[in-house]
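Please open the structure in your viewer and keep the selection panel at hand, as this tour goes from one selection to the next.

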Amino acid sequence: MPALAQLTTVVLDCADPGLLAEFYRAVTGWKVTSSDDDSVYLGEDGVQLAFVRVPDFQPPAWPGSDKQAHLDFHVEDVALAVKQLLELGATKPDFQPGEGQWTVLADPQGHLLCLSE
C-alpha cells in the first residue's frame, strides 16, 4: 500500500523550548534547524524533533493514565547513557516496567523516553 504521507516532525509541547532542545541535541547530536522564542527544531537527515512553548505546560504523570507518547532510543550502553542523561537533567522514575529490557527516564520537562541496547 503506498504511503499517504511522510512523517517530518515529532513535536513536544513544553515550558522552555530552548532548554529541552539542548537536552535532546545532546541525546541525538542533531543540529538546530530553526528556532525562535517559542519553538526550536532539531534535525538531521529526515525526521525532526520540535519543542514548542505551551502556557501552563504540565508533564504527564508516570506511571499514569495521562501518558500519551514517549520516545525510544537505542544506545550502545544503557548504564552509561543513563548516567550521562541524568547529568544533563533527566530523572529516573522508580517505576521501571519491562523487566530490564529498557530503562525509562523523564527529560528535564517530564516527557518520557526509553533507552535500550
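Begin by selecting Y24, F51, L71, L85, L105, L113 and L115, which touch the most other members of the largest nonpolar core, a set of 21 residues. A nonpolar core here is a set of buried Ala, Val, Leu, Ile, Met, Phe, Trp, Tyr and Cys residues joined through side-chain atoms within 4.5 Å, where buried means under 20% relative accessible area, exposed means over 50%, and partly exposed lies in between, with a 1.4 Å probe and protein chains only. Next, colour the elements that give two or more residues to this core, namely β1 (9-14), α1 (17-28), β3 (39-43), β4 (48-53), β5 (71-74), α2 (78-87) and β7 (112-116). In soluble globular proteins, nonpolar side chains tend to be buried together.

This is a predicted model, in which local features need pLDDT of at least 70 and side-chain atom pairs count only at pLDDT 80 or more, while totals for chains, interfaces and linings use all residues. Residues are numbered from 1 along each chain as its sequence is written, and side-chain values use heavy atoms, with hydrogens and water left out.

Now select L105 by itself and display its surroundings: leaving aside neighbours within four places in sequence, L105 is in contact (heavy atoms within 4.5 Å) with V82, L85, L86, A90, T91, K92, P93, H111, L112, L113 and L115.

Move on to A26, a residue of helix α1, which counts as partly exposed because its relative accessible area is 44%.

The following stop is D77, in the loop between β5 and α2, which is partly exposed at 37% relative accessibility.

Finally, show the whole protein chain as a cartoon and follow its two helices and seven strands, which are DSSP runs (H or I, at least four residues, for helices; E, at least two, for strands) numbered from the N terminus. Along the sequence they come in the pattern β-α-β-β-β-β-α-β-β. Seen along its principal axes, the C-alpha trace spans about 40 × 35 × 30 Å, and buried residues make up 32% of the 117 residues.
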